[in-house]
Number of protein chains: 2
Amino acid sequence: LDYQHVQVPFEITLWIMLASLAKIGFHLYNRLPSVVPESCLLIFVGLIMGGIIYGLNDKSPPVMDSDIFFLYLLPPIVLDAGYFMPSRPFFENIGTILLYAVVGTIWNVFGIGFSLYGICQVKAFHLQDVSLLHNLLFGSLIAAVDPVAVLAVFEEIHVNEKLHILVFGESLLNDAVTVVLYKLFRSFCEMPTITSVDVFAGVGKFFVVGLGGVLVGLTFGMTAAFTTRFTKDIRVIEPLFVFLYSYLSYLTAEMFHLSGIVAIIACAMGMKRYVEANISLKSHTTVKYFMKMWSSVSDTLIFIFLGVSTIGENHEWNWPYICFTVIFCLIWRALGVLVLTFFVNRFHVNTITSKDQFIIAYGGLRGAICFSLVFLLPDFHRKKLFIAATTVVILFTVFVQGMTIRPLVDLLAVKRKRESAPTVGEQIHIRFLDHLLAGIEDISGHWGQYYWKDKLEYFNSKYLQKILLREYDQPKSSIVLLYEKLERKHAIELAEAGQLGHAPSHPSLLHSGFLCSNNNRTVIMDKKLEDTLNPDVLENIQEILARNLYRIRRTGPAYNRHTLPGETEPMEHAKEILILRHKNL
Amino acid sequence: LDYQHVQVPFEITLWIMLASLAKIGFHLYNRLPSVVPESCLLIFVGLIMGGIIYGLNDKSPPVMDSDIFFLYLLPPIVLDAGYFMPSRPFFENIGTILLYAVVGTIWNVFGIGFSLYGICQVKAFHLQDVSLLHNLLFGSLIAAVDPVAVLAVFEEIHVNEKLHILVFGESLLNDAVTVVLYKLFRSFCEMPTITSVDVFAGVGKFFVVGLGGVLVGLTFGMTAAFTTRFTKDIRVIEPLFVFLYSYLSYLTAEMFHLSGIVAIIACAMGMKRYVEANISLKSHTTVKYFMKMWSSVSDTLIFIFLGVSTIGENHEWNWPYICFTVIFCLIWRALGVLVLTFFVNRFHVNTITSKDQFIIAYGGLRGAICFSLVFLLPDFHRKKLFIAATTVVILFTVFVQGMTIRPLVDLLAVKRKRESAPTVGEQIHIRFLDHLLAGIEDISGHWGQYYWKDKLEYFNSKYLQKILLREYDQPKSSIVLLYEKLERKHAIELAEAGQLGHAPSHPSLLHSGFLCSNNNRTVIMDKKLEDTLNPDVLENIQEILARNLYRIRRTGPAYNRHTLPGETEPMEHAKEILILRHKNL
């Protein structure tokens, strides 16, 4: 027996196997996951395993290594989150999300830090030796909402899209703030004196860390897209590039002390569209499947390790500090959400209701990131107290809030995600309104989100697509594609019912059909779609629509009485609008 | 900048990226890979990189770590090989393959070892200090044909299936022999005296190592199949189990000093059928794709590392020893193939032609396994000579043999792989003949391969399927499935040509059709198939046929004039045949 030789891969494989088997186990009994979130069950499994290890060895079980967490377990989850991020609601609410992520997190850090410092001044609690800086450092690591924990819980409760993206987007983007504040306070702790220059440098770092992350991510994302232009002859390694470049973006960002999470999200969101167009369908299935698989395993491992690491002797218990930490976490988050939403609602038509606000505040779950950060703290005499407080906050939020959020959502009758995907008709009308609004913004001279979206789309099709896509040819109109799909679907059904006529019965509608079928057809198709297509197919169609419908606006002037088709270039079109705008002004 | 922190994953990612980009680079110029095998190009890239590293640092570049090779790079390639092993030609030629792999390898080891010892006795060569045992040890590591190198070259030259499986099967199964002989001679080298008991123990180890590997592999394979019974609700982690269990089988076998390669092949071949039936189609695509991707990357990395490791100062040059090693490797392999094939041909109707024999002998490429084994040798004063000789043999076989084998195959007009897959008609007739032969073997009392195949199939459907498959229900007849597929295909074509009639034109042929359509239909389908279906679809159909046609023989007696359908059980059928056989005897 030569265990030494194979130990490392053997133990890693066994851990992953345990995680996967645990997942299977939960799903064998369907009732369990509908009451208790999977994350709670996994932590519970971890606690039991930690207890067993502790009982057998009589010493603390191994603690989750922060390096392993940040370098190997976190990236797959964030990559998955970024790649499957619904970009429309995300960019529609980007302002609100950034407000929550940046201002909200700073608010929480200082709120929690200062009020805990206040608690430390009470002599009866024996906490006078915890300085303000240490409290702020603790605040910086405990304040951030954890994307892994949020994802695990919110994926199961199916709240409406906007609410989901607000909480989840915040949990992703607050990483930049957390990184900066955590490192800032940590270096302050080790500095003899702090000058005001240091404080300003810290504020400047926010932008460097966040925007730097975006830049690194986009660079790698574009490179990935460019690389997949040349993989036509070796389809089999296509999926690899998606993973390699995203991971490199994360590592590079981490190397330069930028926000790795922000980088990998920017990379995934940036490359998705081009990579999807370049790689084969099977490669894409593999990418999607493997991403989901990987993140799901990482997720499982994180929660199990979290449970295992909880057991042991690295805690210092102090009732008041721990209890007040939990209370302050709840209070400051609730206050922050209230105040920030008040401002957000003043500038928006679609306001965030008070029910939504409650769920946003209540969904502020803490997780493995806090846990890893607290273990990364430099050694000082109260580190064990911080570890204990962090553990309690995580367990409290995951167990108590995680388990009660579903009943609360039911009780409050929070608006849920629509069960059915929007119909093609709705999709077409949404897109149509987008173009209309972009036009209105153009004319009125208001440069809002539709204006920028349109500009970005123009830049994309004018330059990026030509560089990054393999075949830059005008794709077929979405309506024609949709019609083809429907015809095929219909044919298969006929064949399956054995009613297929082998003789051609009427001349091809498809080939004589023109780009813009009339409304009538669309309605018929819409109806047919809902009846016959499964969600997967619908999703595909929606994707196609999302990509191609933008063209319509630009090709619009071609139908003008004064121009011949193909005569007006988009540039002229832009000029025309500029003249209109000048006149208005 | 904090490079230390991310160094390990960053460098691994960069190496993989380099390998993938090198692959893309070769395929951009289509002419290059058609002349030079990819493996040569990759070694060449490695040599250049090694040269650069050597030039910059002025010290030897890092040598490929044997642990990394055996634990991380080799398993994906072998798993891929085992999973996609064409089982019919493999089991049809298993006797010949085992003969080549076991007897042939032993022949080579002792042949090369003893003749090199002879060379060492020539005083002019200054090699008297290399003992017989050291020569045998060297022979044991240099004799084995390398699966990675063989696969890389033979995948590109497309020789006929039998020839391919003979060389490739040998290269996989000789691992057990290599492991035993290498470890045996290594321990002999360290022993003061060798008794005859040690020698006999060594012989006994062959069976333990080989059969033990098969046993470990099958155990894990069946467990994997059993596990995938329960993954219906979490499809996303299904592919994981295929990889985890195969890897565990490899590691477990290595841990017990059994043959890891044999174990992982047994695992993959054992589980494939059941896993495929249990997991979803998308999971299966992911498994196949990822396996190919992984093995392709491993393969690339191995050849690049091989090139990098060649550069450096760990070589001791001795012209006669190195030249004679290359010559003896060629001569003993050629002799071995000639002698063994002489015996094989006496007992087979389908003989191995002299052209085939030449290609088998010439295709005996050495690769990274030899290289890793020679670095694993215990330190002794002539180790560097062995390293040099091994490097030269590998480079000679990969470059000279690898590059000339394709022109030679053309020149000799060796029978190639058929370009088109066999038609469904052929498939049906092959299966039919199998059943006929199994019946003849039954009646004549000769327990040949058809008899055992039939027994195995019976055992499989009687017990294994019930335990390992999720839904044990009679699948539809393959003919009906095929017909459905064709109808669907036809319908899609009609739809795409716009000739789809929306009114039903004739009653369903499908639903009124019965299991055994008449010959006429089959011929029509066959014709249609060749015209319309692409290779992928054809492959699917062949798979379906392969699985289901066995049923026909067992349900055969149901058509007897004296029995009602479903009345005769397979058991009774077996009894009937037993009585017939007894009468004959």
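Predicted model: local features only at pLDDT ≥ 70, side-chain atom pairs only at ≥ 80, totals over all residues.

Helix H14 of chain A (residues 319-346) provides the largest share of the patch, eight residues, where helices (H or I, at least four residues) and strands (E, at least two) are DSSP runs numbered from the N terminus. A:Ile331 is found in that helix, H14 of chain A, and is partly exposed, with a relative accessible area of 40%; here buried means under 20%, exposed over 50% and partly exposed in between (1.4 Å probe, protein chains only).

A:Ser298, in helix H13 of chain A (residues 281-310), is by contrast buried, with a relative accessible area of 4%. Leaving aside residues up to four places away in sequence, A:Ser298 touches A:Tyr72, A:Leu73, A:Pro76 and A:Ile77, a contact being heavy atoms within 4.5 Å. In chain B, helix H15 (residues 354-362) has as its buried residues B:Asp356, B:Gln357, B:Ile359, B:Ile360, B:Ala361 and B:Tyr362, and their cover includes helices H6 (94-120), H8 (147-157), H9 (161-190), H14 (319-346) and H17 (383-412) of chain B.

The domain assignment of chain A gives domain 1 (3-412) and domain 2 (423-470), with bounds that come from an automatic or database assignment. Their centres, taken over C-alpha atoms, are separated by 33 Å, and the contact takes 16 residues from domain 1 of chain A and 14 residues from domain 2 of chain A. Between them the two domains bury about 1,200 Å², 43% of it on carbon and sulfur atoms; buried area is the accessible area (1.4 Å probe) that two parts lose on being put together, summed over both. In domain 1 of chain A, the residues that lose the most area to domain 2 are A:Arg88, A:Arg229 and A:Tyr274, together 50% of what that side buries. Across this interface the rule finds two salt bridges, each a side-chain nitrogen of Lys or Arg within 4 Å of a carboxyl oxygen of Asp or Glu. The side chains of A:Glu457 and A:Arg273 also meet in a salt bridge (2.8 Å, N to O).

Residues are numbered from 1 along each chain as its sequence is written, while chains are lettered from A and ligands numbered from 1 in the order in which they are written. Local features need pLDDT of at least 70 and side-chain atom pairs count only at pLDDT 80 or more, whereas totals for chains, interfaces and linings use all residues, and side-chain values use heavy atoms, with hydrogens and water left out.
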